[in-house]
Amino acid sequence: MKKKHHSYQTRQYMLSKDYEIFHYSDTYLEHVSLHHHDFYECYFFISGDVTYLTEGKTYSLKPGDIILMNSTELHQAIINNHKVPYERIVLWINKSFLKNLSTDETHLAKCFEDPDKETVIRISFEMQQNIKAILQKIIAFENYRGIGSDLLFKAYIIELLVNINMLLYNNIDKLDVDIKKNNLIDEIIQYINSHLDEEITIDELSEQFFISKYHLLREFKKYSGTTLHKYIVQKKLIQAKYLILKGFPIISVYEQCGFGDYSNFFRAFKAEYGVTPKHFYKIMYKNNP
């Protein structure tokens with residue numbers, strides 16, 4: 001089937017209940033905001049001059065690198081040179097869909113959910129070609145309506161995730177990744193993520209980690225790509241979405257996520273996602289009853 005590129009779109013939500021895949025090639029893309037998804041993302045980097053920010057770490061990407069993002073990780077691609085075509089294949093996978101493809105013996109989402117997971121994988125050229133070929137089969141399948149159309153896409157995604165998990169946990173052909181990070185910022189991010197149910201202030205963090213507020217704010221922005229305040233709010237909102245989908249009453253979620261009051265939570269949620277908490281629940285329940 002004929003190879004094609006998709007037009008880049010800014011939406012960060014899925015229209016399909018199972019998966020979506022995009023083959024992008026851009027020379028005009030100016031800026032990608034720091035964001036997260038309510039699904040898994042598998043990103044295969046093909047070309048470009050790009051660094052990738054996620055959770056206080058900066059990765060210098062090389063062709064063939066694979067990025068694995070779960071639903072709680074904030075991430076952002078930084079395009080350093082817009083004259084170099086920025087090409088990648090991006091696969092979005094619904095969490096429930098992948099759970100249903102898994103078995104008691106094979107947890108396909110392990111590469112996304114393992115607490116010690118690797119975010120960026122660098123592998124041999126042969127393995128790169130193998131992963132890319134599977135992704136291209138999924139792309140080619142988009143318009144297929146023949147025999148096995150209800151099964152083949154599942155087989156391809158299982159094949160992909162089995163291979164990626166084997167790369168991670170059988171140590172097959174993995175290479176070293178270029179990563180820039182700050183141990184103090186790592187500790188601060190871990191602290192924030194383990195205290196999302198509390199009100200977290202900059203003064204508190206400054207005292208907790210024996211660092212001046214000015215230095216804290218500057219270093220956090222340098223390594224995370226966002227302000228400390230915005231990071232805290234975004235992480236609390238991610239937790240809020242998780243609790244809403246777990247069935248917790250919306251009116252009580254703001255307390256469990258350390259917001260001062262409901263009106264602050266409501267405004268922050270709508271400003272970040274463009275919908276109210278109640279509307280978000282209705283949309284998500286409609287897609288995944």
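How many of the 18 residues of helix α8 are buried?

Tutor: This is a predicted model, in which local features need pLDDT of at least 70 and side-chain atom pairs count only at pLDDT 80 or more, while totals for chains, interfaces and linings use all residues. Residues are numbered from 1 along each chain as its sequence is written, and side-chain values use heavy atoms, with hydrogens and water left out.

Of the 18 residues of α8, 13 are buried, so the helix is largely enclosed by the rest of the structure. Buried means under 20% relative accessible area, exposed over 50%, and partly exposed in between, with a 1.4 Å probe and protein chains only. Helices (H or I, at least four residues) and strands (E, at least two) are DSSP runs numbered from the N terminus. Helix α8 covers residues 228–245 and reaches 26 Å from its first C-alpha to its last, close to the 26 Å expected at 1.5 Å a residue; the expected span is 1.5 Å times one less than the number of residues. Just after α8, G247 has a positive phi of about 100 degrees.

On a 1 Å grid over the protein atoms alone, a pocket is an open set of points with protein on both sides within 12 Å along at least five of seven lines, a cavity is a set where a 1.4 Å probe fits but cannot get out, and lining residues have an atom within 4 Å of a point. Points are joined across faces, edges and corners, and a volume is the space filled by probe spheres set on them.

The structure holds two cavities of 30 Å³ or more, and about 200 Å³ of space lies in the largest cavity. Of its 18 lining residues, Y8, V32, H35, E41 and V90 are the closest to the centre. Two or more lining residues come from each of β2 (40–47), β6 (75–79) and β7 (86–93), and β7 has the largest share, with four.

As for charged pairs, the structure holds 13 salt bridges, each a side-chain nitrogen of Lys or Arg within 4 Å of a carboxyl oxygen of Asp or Glu. One of them joins K17 and D18 at 3.5 Å, N to O; K17 is exposed, with a relative accessible area of 55%, whereas D18 is buried at 16%. In another, the closest N and O atoms of D186 and K181 are 3.9 Å apart. Here D186 is buried at 10% relative accessibility, and K181 is partly exposed at 43%. A further bridge has 3.0 Å between the closest N and O atoms of K213 and D203. This pair links distant parts of the chain, ten residues apart, with K213 in helix α7 (residues 213–224) and D203 in helix α6 (residues 202–208). K213 is partly exposed, with a relative accessible area of 41%, and D203 is partly exposed at 42%.
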